[in-house]
Amino acid sequence: MDVVLVTSVIASLFLVIGAAEPLAARLRLPYSVILAALGILIAATATFFLNTELTDALNPMAKAVLDLPIRSNVFLYIFLPMLLFQATLGMNLRRMLDDWVPILVLAVVAVVVATLSVGYALYWVSALPLAACLLLGAIVSTTDPSAVVSIFRSISAPRRLVRIIEGESLLNDAAAIALFGLFMGFVMLGVPDPKLSDALARFPVLIAGGAFTGWLTARIGVWIMALFSRHELAQLSVSVALPYLAFIGAEQSIGASGVIAVVTAGMTLNLVGPGRLPPQVWVNLRDLWDVLAHWAGALIFILAALLIPRLLGQARLEDFGLVCIVILAAIAARAVVLFGLLPLLSFLRLSPAVEPPYRMAILWGGLRGALTLALALAVTESFRVPDGIQRVVGILATGFTLFTLIVQGTTLRWVVTRLGLDRLSPLDQALSRQVVAVALQSVREDVAKSTDNYELNRDIVRSEAIRFGNRLQSAVKTAEDSADIHDRDRITLGLIALAGQERETILERLRERSISSRMAEQVLSDADRLIEAARTSGRSGYQRAARRSVAFGPRFRAAVFLHNRVRISLPLARLTADRFEHLLIQRLILRDLDGFIDGRIRRIHGRRVADLLHGLLSRRIDTVETALDGLQLQYPGYAEKLERRFIRRTALRLEEHEYNTLRQDGLIGAEVYTALMQDLSQRRATAEKRPPLDIALQRTELIRQFPPFRDLDAGSLRRLGRVLKTRHANAGEVLLRKDSTAGRVFFIASGAIEMEHAGQTWRLGRGEMFGQMAILMKRPRRSEVRAIAPSTLLVLDETRFLRLLKRSRTLRAAVRTSAEKLGVQDGQLLPGSTPEELGRDRPAVQSPSAVSGTYSGNRAKADFSASPQPSEMVRK
């Protein structure tokens, strides 16, 4: 084929891609529908000119279009990895992990239900073998959610719903292709009626092998990209190779699912990349993949649409009846998942509650597209598949795809309108009227200042002022007429706006390079949780999400377990450093939000709502400060290093801005500017590195600060540091239950706990201990202990505590002080012990409390006397 003709055809296809998006917006149709329609039109036009006798001038171009080397391998090995990889890079995986249960269940169950529904429905009404019917079911179970997702975003549907749809679709395609490979193998081997158990038994192997291959490929790729830290183009080139190496490695090397490998590689890069790559490189990498995926998605639709006339060339009348069977079975299978499984997950609180109108829109928006046609093409190209099966599979898959694009795609927006999803709720309508009134008042003030500065004609200014004043008066009157928003709703709307501003502030700091991309992903996830929680549960949901943002998560607990039991400290050191930086960023962001409440929210929702939001924000700041103070006490000096790092990064950002200004003003030339920026880049690479955290060294310093351990020598402190276990508790977590068996003593490193005993409540803070009395008295615990703030505790078992008690005079003094404050008499002590063993002849030792002056309630003074448990002596 002539290279010039091929180049001309490809260039023309890109022109079509460029025209398709504005055409779709003009016609208010899904982008994929327009692409498919243009592809069919191009193929039909080329066929017409090649067969007509009107002219032969366009025959070479028409022949070039129809003879394009469109094969299933082109779709599966070139376009598909690119689309899947970009989809995973563009997702907020940290937020998606919160909904992994509904995403995974919906994806896997939806594919299995659709495959079985279509397969058995077709098997009962046709002469095809069961393997071929199930193969077709796997082909048509893939979905293209782009149309319904774009509409949901345009109507401000819940973000969590959109995220679940995207994640479900991604894993849906992966599972469908894996099943396609299984049943394709049965068909090619001539197994007419495969056992479903055999197919499902191989399914986990495909998934696990693909996941491991993708993870390993991505980790190697990130390591190579980190080596090329000063060469951005090299890093981008490595990222382009990653999905293809993962796909080919899984498919050809170990016979696993290449789709799963690509998805896993993309997820791994999404999670690891922001922390290993420079921020600007990560932004450019995602931009590059957005463009590549846009081209790939458009080309795959157009090229697949070119195949439709070829795939339908041998259609018969009875095939249309089978197409109707496939349509009904596929829609019924989707309905079972949406109206049966999804409400069940919502009832179990594993998925957000999805209103019936949204479920109906998802049902009707389940379009099929290029991937379905590509899999059907793979069947028609295989010489090992019987001709009869090739023909039927190609026709039924193509007919079903055309139905979803032509019928469902063109009527989707009409269905959304009929369901009322494109209309604002009464609350949002009332709010929008008030926002317009407030905005117009601000605009009037700014316009008045502008007209004064420019000295415009007074008559024109007066005329426009009257016109604008009439509009403002009308807006204010409309807002007053609809001022029926309850205070509870105003608080919810204010919290949503506040969380939204928090998100925008984070993005602004990220653009300024004040915070790293890796940490920005975490705080952005926190802001998204705040928005969703406020939208669904109001003030209580916002407060729960705020507490969660400073709580210890499962990853942190797993790292603590590895440190305590296996002596692997690297994960804990890394997550502790992350928590340090996370809390510092939260404090920085939260302190910037007071101005937004006074400047914006107060004007729209009133003083009462603004004061309440100030109170909620103040409590959030106090919680963050408490958690940060606890870390600073545990690891003194590390917070200072992080603050110095922040100051240096800010100075570098301002320095870069100054150089850019001088360059734009022409005060420095290109050579000087380049030299300055190279030097700045080197210093920035140094400033971006986070200082390491030595947990072992910090642990010894932390133990030394406890008053009961001050008389221990350096060797004893090191040995004690090795045997002390760390426990992290979130607010509200029960640490000790009443009547439980005594066996451990707890030392509070940070945070605060609350003890209930005999109807009284005590609160203990940093430097204090609890649990020792029950051990010494040899009886069950009489108190219940729970954390009232995120707390870090050091835990010592009974045997080591008793051994240490005999050796440490200050520890004995602390125990005796606690007993004396409670009025415990010597007769209540264990027999065989003397008061001197507990240090009666020592000077009084006081223990500092981190909660003094902070927490209120029925509590003792800030010393060890706050413990409600009686004191005990130990045997000699």
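These are my notebook entries on what I looked up in the structure above.

**Entry: ground rules**

I am working with a predicted model, in which local features need pLDDT of at least 70 and side-chain atom pairs count only at pLDDT 80 or more, while totals for chains, interfaces and linings use all residues. Residues are numbered from 1 along each chain as its sequence is written, and side-chain values use heavy atoms, with hydrogens and water left out.

**Entry: salt bridges**

I looked up the salt bridges, each being a side-chain nitrogen of Lys or Arg within 4 Å of a carboxyl oxygen of Asp or Glu, and the structure holds 17 of them.

I noted that R509 forms a salt bridge with D592, with the closest N and O atoms 2.7 Å apart. This pair links distant parts of the chain, 83 residues apart, since R509 sits in helix α21 (residues 487-511) and D592 in the loop between α24 and α25 (594-605). Helices here are DSSP runs of H or I with at least four residues, strands are runs of E with at least two, and both are numbered from the N terminus. For cover I use these classes: buried is under 20% relative accessible area, exposed is over 50%, and partly exposed is in between, with a 1.4 Å probe and protein chains only. R509 counts as buried because its relative accessibility is 17%, whereas D592, at 36%, counts as partly exposed.

I next looked at R557, which forms a salt bridge with E733, the closest N and O atoms being 2.9 Å apart. Because R557 lies in helix α23 (residues 554-566) and E733 in the loop between β1 (725-729) and β2 (734-736), the pair ties together parts that are 176 residues apart in sequence. R557 is partly exposed, with a relative accessible area of 31%.

I also recorded the salt bridge between E655 and R683, where the closest N and O atoms are 2.7 Å apart. The partners are 28 residues apart, E655 in helix α27 (residues 638-664) and R683 in helix α28 (residues 670-688). R683 is partly exposed at 33% relative accessible area.

**Entry: helix α24**

I checked helix α24 (residues 570-590), whose 21 residues reach 30 Å from first C-alpha to last, close to the 30 Å expected at 1.5 Å a residue; the expected span is 1.5 Å times one less than the number of residues. The helix is mostly covered, as 17 of its 21 residues are buried. F580 is found in α24 and counts as buried, at 0% relative accessibility. F580 and L628 are 48 residues apart in sequence, yet their C-alpha atoms are 7.0 Å apart in space.

**Entry: surface patches**

I then turned to patches, which are made of residues with over 30% relative accessible area and no salt bridge, like charges being joined within 9 Å and nonpolar side chains (Val, Leu, Ile, Met, Phe, Trp, Tyr) within 5 Å. R567, R718, R719, R722, R803 and R807 gather in a patch of positive charge on the surface. Both α30 (714-723) and α32 (798-807) supply at least two residues of this patch, and α30 gives the most, with 3. R719 is found in α30 and counts as partly exposed because its relative accessibility is 44%.

I found a nonpolar surface patch of about 720 Å² made by F212, W215, L216, I220, W223, L227 and F228. F228 lies in the loop between α10 (196-227) and α11 (232-253) and is partly exposed, with a relative accessible area of 31%.

Definitions and conventions:
Areas by Shrake-Rupley, 256 points an atom, 1.4 Å probe, with all protein chains shown as cover. Lys, Arg positive; Asp, Glu negative; His and termini not counted. Charge placed at Lys NZ, Arg CZ, Asp CG, Glu CD.
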